Amino acid sequence: MSTPYGPDEIAALQEKAKRHLWLHFTRMSSYAAADVPVIVRGHGPYVYDQHGKRYLDGLAGLFVSQIGHGRTEVAEAAARQASELAYFPLWSYAHPQAIALADRLAALAPGDLNRVFFTTSGSEAVESAWKLAKQYFRSIGQPTRYKVLSRSIAYHGTSMGALAITGLPGIKEPFEPLPAGGVRVPNTNFYRAPEFVSADETAFGVWAADEIERAILREGPESVAAVFLEPCQNSGGCFPPPPGYFPRVREICDRHGVLLVSDEVICAFGRLGYYFGCERYGYQPDIITFAKGVTSGYAPLGGMLVSDRLMEPFSFRDRAAGGHEHHRQFHGAETAADGQHTFLHGVTFAGHPVSCAVAMANLDVFEKEDLLGNVRAREGAFRSTLEKLTNLPIVGDVRGDGYFYGIELVKDKATRLTFDDDESERLLRGFLSHALFDAGLVCRADDRGDPVIQLSPPLICTQEHFDEMEQILRAVLTEAWTRI
Ligand SMILES: Cc1ncc(COP(=O)(O)O)c(C=O)c1O
């Protein structure tokens with residue numbers, strides 16, 4: 001398909017973008033002398049710019065486009081819903097698409113995560129989970145629990161509460177003071193494990209999990225509400241959990257009455273070959289936060305899946321269902337007001353009818369095309385294709401699971417020496433980000449931890465796309481090495 005944009009329109013887009021549009025997390029001054037990249041359409045795993053140039057979307061937009069671009073059946077579901085009922089709030093009312101989607105997500109989610117609270121984004125989902133944890137503990141007579149543990153360098157969103165949970169000092173500092181209660185624990189970057197556990201991944205996992213327990217004890221268990229963890233941590237470049245890590249974390253949380261929140265804004269909806277990342281790694285969270293892939297980006301939606309026992313103080317059904325007993329067992333606290341509480345939280349567009357209809361159509365595509373099966377069948381090939389890059393001097397580590405990978409770049413492979421700030425700035429912002437895009441690959445060159453390239457392609461990708469990623473990365477990383 002030819003691009004609809006002629007030279008005048010292209011020039012006008014540039015001028016207006018530079019004059020009026022504010023790109024997120026973007027140094028706008030870098031576009032003073034360069035064009036703003038403008039993506040105008042997408043089809044399958046490819047997107048196209050205003051000149052008609054094609055790019056492989058190796059990041060699924062921003063970890064979003066699971067089913068790929070240009071799916072008319074999903075667009076049509078959105079149009080049908082907008083004609084039928086474009087908007088009605090979930091404040092006191094329900095609508096059929098939110099009901100259907102909540103029912104479907106509860107059926108897909110593991111264990112007793114049977115209640116869905118919708119939001120519009122991942123940050124709002126994380127924010128909501130912290131608020132729920134706080135209000136839940138108040139309602140069961142443990143009002144001193146408000147702190148949240150999360151891992152170093154982990155990204156959990158940008159709203160003030162979510163930012164307090166985020167573990168990236170650089171993006172928090174301008175907004176201090178943030179809400180009190182964010183506590184950091186180590187992440188699971190085995191490539192940079194402390195020396196005493198660097199030869200044994202299981203021992204590393206035990207140490208990293210036990211650091212969570214040590215932090216809970218240090219803070220005082222009675223003050224800790226929740227631990228927020230991604231199944232596979234994105235920021236820093238894909239840190240899968242070491243063997244045994246999550247079961248141990250689950251035990252620690254139970255021992256101290258702390259909630260385990262699985263932040264699956266990226267890892268849910270097939271990214272790791274399962275509907276939910278916790279299923280892949282075999283643990284049962286108390287809350288799952290989700291967004292992104294639930295709609296594959298055809299409309300914005302986020303939310304949290306909440307366990308029956310957390311819902312109990314807010315519910316009318318669980319007494320009859322026997323949940324009350326479960327609640328007493330786990331928390332020991334009896335409250336006169338069970339079932340009497342209102343979760344004092346909401347946002348106007350949460351569970352938007354069009355977004356819910358889109359999510360239903362998106363999940364239909366997952367089922368029809370067995371996208372989870374595709375990821376599970378091909379993830380080994382994806383890994384081994386990317387691992388070919390380890391023969392380049394700049395590639396220190398290739399890590400991840402499913403369709404979710406980080407490639408760590410180093411200055412010296414033998415010593416794992418990383419780049420200093422200046423080198424990183426020149427390498428990532430000065431060269432790699434533009435060079436990879438110019439070579440036709442959308443991916444992310446990130447140095448919020450050590451410098452990494454992040455890949456998270458649509459779940460429809462096959463070997464030809466893995467090869468295309470590998471070839472572009474090989475050429476550009478080879479060139480980068482000559483520029484250090
Ligand atoms: C793990 C995690 N949590 C929360 C968020 C925030 O989501 P959003 O950008 O939709 O607010 C993100 C975004 O990338 C994320 O990766």
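Around the ligand sit 14 residues, the closest being Ser121, Gly122, Ser123, Gly157 and Val265; a residue counts as near a molecule if its C-beta atom, placed from the backbone, lies within 6 Å of it. The structure is a predicted model, in which local features need pLDDT of at least 70 and side-chain atom pairs count only at pLDDT 80 or more, while totals for chains, interfaces and linings use all residues. Numbering starts from 1 along each chain as its sequence is written. The biggest share of the ligand shell, three residues, comes from helix H5 (residues 122-139); helices (H or I, at least four residues) and strands (E, at least two) are DSSP runs, numbered from the N terminus. By class, the shell holds five nonpolar, seven polar and two charged residues. Here Ala, Val, Leu, Ile, Met, Phe, Trp, Tyr, Cys and Pro count as nonpolar, Asp, Glu, Lys and Arg as charged, and the others, Gly among them, as polar.

Where the two touch, domain 1 puts in 28 residues and domain 2 puts in 26 residues, contact meaning C-beta atoms, placed from the backbone, within 7 Å. On the domain 1 side, at least two residues each come from helix H2 (60-63), H15, strand S11 (395-401), strand S12 (404-409) and strand S15 (452-455). That side has eleven nonpolar, ten polar and seven charged residues.

H15 (residues 371-387) also packs with helix H17 (residues 463-483), at an angle of about 20° and with the axes 9 Å apart. Axes are lines fitted to C-alpha atoms, for helices over the stretch in contact, and angles run from 0 to 180 degrees between N-to-C directions. H15 and H17 are therefore roughly parallel, a label for angles under 35 degrees. In this pair, Ala381, Phe382, Thr385 and Leu386 of H15 meet Gln463, Phe466, Asp467 and Glu470 of H17. Sorted by class, that makes four nonpolar, two polar and two charged residues.

Another pair is helix H8 (residues 201-219) with helix H9 (residues 245-256), packed at about 15° with axes 9 Å apart. So H8 is roughly parallel to H9. H8 brings Gly205, Val206, Ala208, Ala209, Ile212, Glu213 and Ile216 to the contact, and H9 brings Tyr245, Arg248, Val249, Ile252 and His256. Eight of these residues are nonpolar, two polar and two charged.

Definitions and conventions
Angles under 35 degrees count as roughly parallel, over 145 as roughly antiparallel, 65 to 115 as roughly perpendicular and the rest as oblique.
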